[in-house]
Amino acid sequence: MPSFTSKSLLTALVGAASVAAHGHVTNIVINGDSYQGYDINSFPYSANPPVVVGWTASNTDNGFVAPDAFSSADIICHRNSANAKGHAVVKAGDKISIQWDTWPESHHGPVIDYLANCGAAGCETVEKTALEFFKIDEVGLVDGSAAPGKWGSDQLIENGNSWLVQIPENIAPGFYVLRHEIIALHSAGDANGAQNYPQCFNLQVTGSGTEKPAGVKGTELYTPNDEGIRFNIYRSLTSYPVPGPAPIKGAVNVQQARSAITASATALTGLANAPVATAAPATTTAAAPAATTTSAVVAAPTTTLIPSTTKAVTVAPTTTTAAPQATQPAKGGCRGGRNQKKRRAARRAAAAAAREAALARRHARDVAFLD
Ligand SMILES: [Cu+2]
């Protein structure tokens, strides 16, 4: 890999690449079972998208959340995000492979994973602003000897655009949101130049852990002036402070590897699928999901190392700006307030669309320069 020492060289080398080279998570793999994520390329245009484990969002440009939105709810699980209506079951201590469709090489930066407990009602209905995230892994600068350095994002690309994260063994069983995030730093030397790409998934964690780590609200994870947010990567680097709270005790950065898919799994719904904290029969070691699940977890819990062949994924160059998400059905309320509510919702949608258009323009500038 050539080492880039200047932006102009970088531009000369990769300036011709396509603009819409961003990615999103297509699926997650747990012990061979592949659960579909939120397909940003098709679900927003579908009247009846399937129930999946990935949170809904409106970033149809595969875009990002900028530092000036760090205190808005968009930073929690991406723009205008809404709860995934399904979840995957995973045993504490098991690994989850998070598969992106693509990731642009120029977008160097850390890869970070958090969990937040959803409480007894589960993650399908939890209020996202109440979620408190604790960090379970982080990989920032891997090698800074040659600018712009080797980063977690580069390991992700080398690993077939996938990231392996382990659910800490000590975590208490329950429903959790997994918040996976890449922060692209290629423009982070400028104010408001970092680009956060969070992706969220609903999990039901089983096992016999007891830890209930304290967390931080999504809107309090970062500030625009954090040392690791406003950060110039085009220099020789010896260290990088990964933003956000410190990883919890028990967090592990596992050796990156790919996970073989042996079955396609259906997202589980509701609370009764895999009993929380129920002792498994003494003769079995694997916690089998209860009989009502539609997804038989049969795969042996092995993580197979697969040679990283480059997956040819073509992403349709989406240049359209996001259509405002259908607003959630208004909860019952007084009729008189309805029109005012509608007008407010329309104003909010228009403001959101304008914000996204501005982000898209800014990003088009960035990628014209660097992508
Ligand atoms: Cu970009």
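Let us begin with an open sheet of 5 strands, which follow the order E9-E4-E1-E2-E13 with mixed pairing. At its edges are strand E9 (162-166) and strand E13 (263-265), each of which pairs on one side only. From one strand to the next, the twist averages 30°, with axes taken as lines fitted to C-alpha atoms and angles running from 0 to 180 degrees between N-to-C directions. Strands here are DSSP runs of E with at least two residues, helices are runs of H or I with at least four, and both are numbered from the N terminus. Two strands count as paired if DSSP finds at least two bridges between them.

A word on the model itself: it is predicted, so local features need pLDDT of at least 70 and side-chain atom pairs count only at pLDDT 80 or more, while totals for chains, interfaces and linings use all residues. Residues are numbered from 1 along each chain as its sequence is written.

Within this sheet, have a look at strand E1 (residues 25-30) and strand E2 (residues 33-36), which pair in the antiparallel sense over 4 bridges. Asn27, for instance, has Gln36 in E2 as its bridge partner. Strands of a sheet pair through backbone hydrogen bonds, either parallel or antiparallel.

Now step back to the whole protein. It holds 4 helices and 13 strands. Among contacts between residues at least 6 apart in sequence, 80% join residues at least 24 apart; a contact requires C-beta atoms, placed from the backbone, within 7 Å.

A second open sheet has 6 strands in the order E3-E11-E10-E5-E6-E12, again with mixed pairing. Strand E3 (88-91) and strand E12 (216-217) stand at its edges with a single partner strand each, so one side of each has no neighbour in the sheet.

Strand E10 (residues 174-184) in this sheet is worth a visit: 11 of its 11 residues are buried. In a regular strand the side chains alternate between the two faces of the sheet. Both faces of E10 are covered, with buried residues including Tyr176 and Leu178 on one side and Phe175 and Val177 on the other. E10 runs antiparallel to strand E5 (residues 111-117), joined by 7 bridges, and Leu115 has Leu178 in E10 as its bridge partner. E10 also pairs with strand E11 (residues 195-206), in the antiparallel sense over 11 bridges. There, Tyr176 stands opposite Leu203 in E11.

Methods
Two residues are in contact if their C-beta atoms, placed from the backbone, lie within 7 Å. A residue is buried if 20 or more other C-beta atoms lie within 10 Å of its own, exposed if 12 or fewer, and partly exposed in between; C-beta atoms are placed from the backbone.
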